[in-house]
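Here is a short briefing on a two-part assembly. Please look over the sequence and the structure before reading on.

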Amino acid sequence: MFIFRLLLKNAFRHPLRTLLTIVGLVVAVVAFGMLRTIVDAWYAGAEASSSTRLITRSATSLTVPLPLAYAERLRAVDGVDGISWSNWFGGVYVSERNFFPQFAVDPQSYLPLYPEFVVKADDRVAWERDRKGVIVGRKLADKFGWQVGDQIPLRGTIYPGTWSFTLRGIYDGADAGTDTNQMLMHWAYLNETMRARSGRRADQVGVFIVGIRDPNNAALVSQRIDAQFRNSLAETLTETEKAFQLGFVAMSEAILVALQAVSFIVIVIIMAVMANTMTMTARERLAEYATLKALGFPPEFVVRLLFGESLFIALLGGVLGLLLTLPLAALFAGATGTLFPVFRVSGATMGLQLAVALVVGAVAAAWPAWKMSRINIVNGLRHVA
Amino acid sequence: MATALIRIHGLSKTYRRGEQEIPVLLDIELEVMAGDFVALMGPSGSGKSTLLNLIAGIDKPTTGTIEVGGIDIATLGEGALADWRAEHVGFIFQFYNLMPVLTAFENIELPLLLTSLSSRERKARVQQVLELVSLSDRADHYPNELSGGQQQRVAIARALVTDPTLIVADEPTGDLDRHTGEDVLTLLEQLVDELGKTIVMVTHDPKAASRARRVVHLEKGVLVDEVPEVSAVPAVSAVSELPAAKVTA
C-alpha cells in the first residue's frame with residue numbers, strides 16, 4: 001500500500017507533464033482503436049461468412065454472368081446441400097451518396113442458406129407474395145427511416161430504368177457481425193423485366209450460392225463443381241464465401257496495409273514520447289534513487305518504482321482511450337452511414353488497446369529503470385549538491 | 001570498557017579518470033569505539049567524505065579492510081551490503097535527501113519497509129522517533145512545508161528509526177544557520193548520550209567538530225593528527241527504548 005501510494009504521488013509530481021503524457025496516450029490509443037476498427041470493418045464481410053457456403057461465379061470475371069440452367073447441375077454435385085443465386089442490382093436511391101448493396105435473390109432458396117438473416121414469418125410471407133417487394137436490413141431501414149409498406153424508388157445502373165419496390169419486411173442479424181445494411185429483392189421480378197426489355201439478359205445470374213453439408217469438404221466440392229463446367233462456354237470458379245469476400249478486400253489491400261502501418265506508427269511515436277518523459281523523470285530523481293539505495297533498498301525496488309509509475313500512467317491513458325473509443329466509433333459509424341456494414345469496436349481491439357498501452361508503459365520505463373538500478377550511490381548522492 | 005565498533009586497516013581508495021589514477025585515501029588505520037561521536041575534518045579533497053562513504057558501505061575500497069561490528073564490509077557483495085546498510089547504518093545528509101512527495105511521517109517510515117515490522121508496529125516506531133526529534137506536530141507536513149532544521153530533524157529520525165548501531169552524517173549542519181545547526185548537533189549528542197549510538201560525522205565547521213568527542217583530521221588522503229577524546233564514552237542507557245527491527249530485504 002505504501003509503495004502504491006508512493007507510485008501515485010510520483011506519477012502526479014508534475015501534474016501538467018503527466019496530464020500531457022496521458023493525453024498523448026489517449027490520442028494514440030483512440031487512433032489505434034479506430035484504425036483497427038476500420039480495418040476490421042473492411043474484413044467484416046469475410047468474418048461473417050459461413051463455412052458451409054461456397055460461391056460459384058464465372059471463371060472469366062465476376063461481371064460475366066452464368067446461365068441459370070447451371071443450378072440443376074450444381075444441385076446434383078456430390079456434397080451439395082442447397083443452391084441459390086443472386087445478382088448485384090447496383091441501383092441508386094435518390095443520390096449516389098446513399099450507396100447500399102442490393103441483391104436480386106430467390107427468397108425460397110436464398111433465406112435457408114442465410115440463417116443469420118432473421119425475418120419475421122409474416123414479413124417473409126408478405127415478401128414472397130409480392131414480386132415487387134423487398135426486405136432490408138435493420139441498419140439500412142433505420143438509416144433512411146423506412147417503414148414496412150414504404151415505396152422505395154431505385155434508379156437502375158446495371159439494369160436501367162426507374163424501379164419502385166415496396167418494403168415488405170425488415171430483417172435483423174442473428175449476431176452483431178451480421179450485415180444488416182442490404183436490400184434483397186426478387187430475382188424472378190428482375191428476370192421477367194429483363195426478359196421483356198432485352199431477352200438475351202434473361203436467365204442469367206451473377207453468382208450461385210452453394211450450400212454444402214461438410215465444411216471440411218469445401219475444397220473437394222469446389223473442385224467437383226468447376227470440373228463439371230470445364231471447357232464449357234461459361235467456366236466456373238468456385239471458392240468458399242470467405243475467400244470470395246477476401247477477394248474484394250484484396251482490391252483495397254494497399255489502403256488497409258497503410259492504415260495498419262499508421263496505427264503502429266502512432267504507437268511507436270507515443271512510445272518514444274513516453275520513454276522521453278520517463279527518462280527525464282528518472283534523471284530528475286537520480287539523488288532520490290541513490291538515497292533509497294543508500295538506505296538499503298535493492299536495485300529492484302527502484303526498477304519496480306519506475307515500472308509501476310510508467311505502467312500506471314500508461315494504463316490510465318489506455319483505459320481513458322478505450323472508453324473514448326466507444327462513443328467515437330459510434331459517432332464515426334453514424335457519420336459514415338452505410339459505408340461500413342458492420343462498424344463496432346471488437347473485444348479483441350479493446351484488448352489490444354489496453355495491451356498496447358501497457359507495452360508502451362513497459363518499454364518507456366525499461367531504459368531509465370535499467371539505468372537507475374545501476375547508478376553509483378556516491379555519484380547519485382552528489383547529484384543533490 | 002567500550003569495544004571498537006569500526007576497525008579500519010590499510011585502507012586505500014584510488015579513483016580512475018581515464019588513464020590517470022587518483023589516490024584519495026592512503027593506508028588509513030582507524031578505530032572507532034561503540035558509542036563514540038567522531039568528527040572527520042579536513043580541507044576539500046582531503047578524502048573525508050570518501051572515508052565516510054566507505055565506512056557507511058556505499059563505496060568500496062581499493063585495498064584494505066573495514067570491519068564494522070566484526071564484519072568486513074569490503075568483502076560483501078552488493079546485495080549483502082544493501083541488507084547490511086539497512087540493518088546497521090543510519091544516514092544523515094547535508095541536503096536532508098527526503099522524498100519530496102512523502103510526508104515527514106512517511107519519510108521516516110520508508111526504511112522500515114525493509115523490515116519485517118507490521119504496519120501498526122511501523123507507525124508506533126515512527127511516532128516514537130518523531131517525539132524524540134520533537135516533530136510530532138509536523139508528521140503530516142511535506143518537506144517543502146518544513147524549515148531546513150525541521151527537515152534535518154526528519155532526516156535524523158529516518159536515520160534512527162531502524163535502530164542502527166552506526167549513524168553517518170555528511171555535513172549535517174552545512175545547509176543550516178548557526179542556531180539551527182546547534183540544535184541539530186545537540187540532537188546528535190543526545191543520540192550518543194541517551195541512545196548509545198555511534199556517530200561518524202564529516203564537517204568543515206570547527207564549531208560543529210568541537211561538539212564531537214573525537215576529531216580526526218585528514219589531509220591529502222592521510223590521517224594527520226587526532227584530537228583526543230573530550231570525555232569518556234557514556235554508558236548505553238536508552239537503546240532498549242527502540243524495539244529491534246529485523247531487515248528482510
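Predicted model: local features only at pLDDT ≥ 70, side-chain atom pairs only at ≥ 80, totals over all residues.

Chain A and chain B bury about 2,200 Å² between them. The largest nonpolar core has 89 residues.

**Contact between chain A and chain B**

- Chain A gives 24 residues to the contact, and chain B gives 25.
- Carbon and sulfur atoms supply 71% of the area buried between the two chains.
- On the chain A side, A:Phe2, A:Lys9 and A:Leu295 lose the most area to chain B. Together they account for 29% of what that side buries.
- Two salt bridges are counted between chain A and chain B.
- A:Arg5 forms a salt bridge with B:Glu106. Their closest N and O atoms are 3.1 Å apart.
- Three helices of chain A each give two or more residues to the side that touches chain B: H1 (2-11), H12 (286-294) and H15 (377-382).
- That side of chain A divides into 15 nonpolar, three polar and six charged residues.

**Helix H1 of chain A**

- In this helix, A:Phe2, A:Leu6, A:Leu7, A:Asn10 and A:Ala11 are buried.
- Within chain A, the buried residues of H1 pack against H2 and against helix H13 (299-336).
- From chain B, helix H3 (104-109) also packs against these buried residues.

**Nonpolar core**

- In soluble globular proteins, nonpolar side chains tend to be buried together.
- The residues with the most contacts inside the largest core are A:Tyr289, B:Ile6, B:Ile8, B:Leu51 and B:Phe91.
- Helix H2 (residues 15-42) of chain A gives the largest share of this core, eleven residues.
- B:Ile8 touches B:Ile28, B:Glu29, B:Leu30, B:Leu51, B:Ile55, B:Thr65 and B:Ile66, leaving aside residues up to four places away in sequence.

**Chain B overall**

- Chain B has seven helices and ten strands.
- Of its 249 residues, 53% are buried.
- Take the contacts in chain B between residues at least 6 apart in sequence: 71% of them join residues at least 24 apart.

**B:Ser46, a loop residue**

- B:Ser46 sits in the loop between strand S3 (37-41) and helix H1 (48-56) of chain B.
- Is B:Ser46 buried or exposed? B:Ser46 counts as buried because its relative accessible area is 1%, and the cut-off for buried is under 20%.
- The side chain of B:Ser46 reaches the backbone oxygen of B:Pro43 at 2.7 Å.
- Beyond four places in sequence, B:Ser46 touches B:Val24, B:Leu25, B:Leu218, B:Glu219, B:Lys220 and B:Gly221.

- B:Thr62 lies in the loop between H1 and strand S4 (63-68) of chain B.
- B:Thr62 counts as partly exposed because its relative accessible area is 45%, which falls between the 20% and 50% cut-offs.
- Which residues does B:Thr62 touch, not counting those up to four places away in sequence? They are B:Ser12, B:Lys13 and B:Thr14.
- A polar atom of the B:Thr62 side chain lies 2.8 Å from the backbone nitrogen of B:Thr14.
- B:Thr62 and B:Tyr15 are 47 residues apart in sequence. In space they are 8.6 Å apart, C-alpha to C-alpha.

Notes
Residues numbered from 1 in each chain as written. Chains lettered and ligands numbered in written order. Heavy atoms only, no water. Core = buried A, V, L, I, M, F, W, Y, C linked by side-chain atoms within 4.5 Å. Buried < 20%, exposed > 50% of the residue type's maximum accessible area, 1.4 Å probe, protein only. Helix = DSSP H or I, 4+ residues; strand = E, 2+ residues; numbered from the N terminus. Contact = heavy atoms within 4.5 Å. Buried area = accessible area lost by both parts, 1.4 Å probe. Salt bridge = Lys/Arg side-chain N within 4 Å of Asp/Glu carboxyl O. Nonpolar A, V, L, I, M, F, W, Y, C, P; charged D, E, K, R; others polar. Polar contact = N/O pair within 3.5 Å; in protein donor to acceptor, adjacent residues only side chain to side chain.
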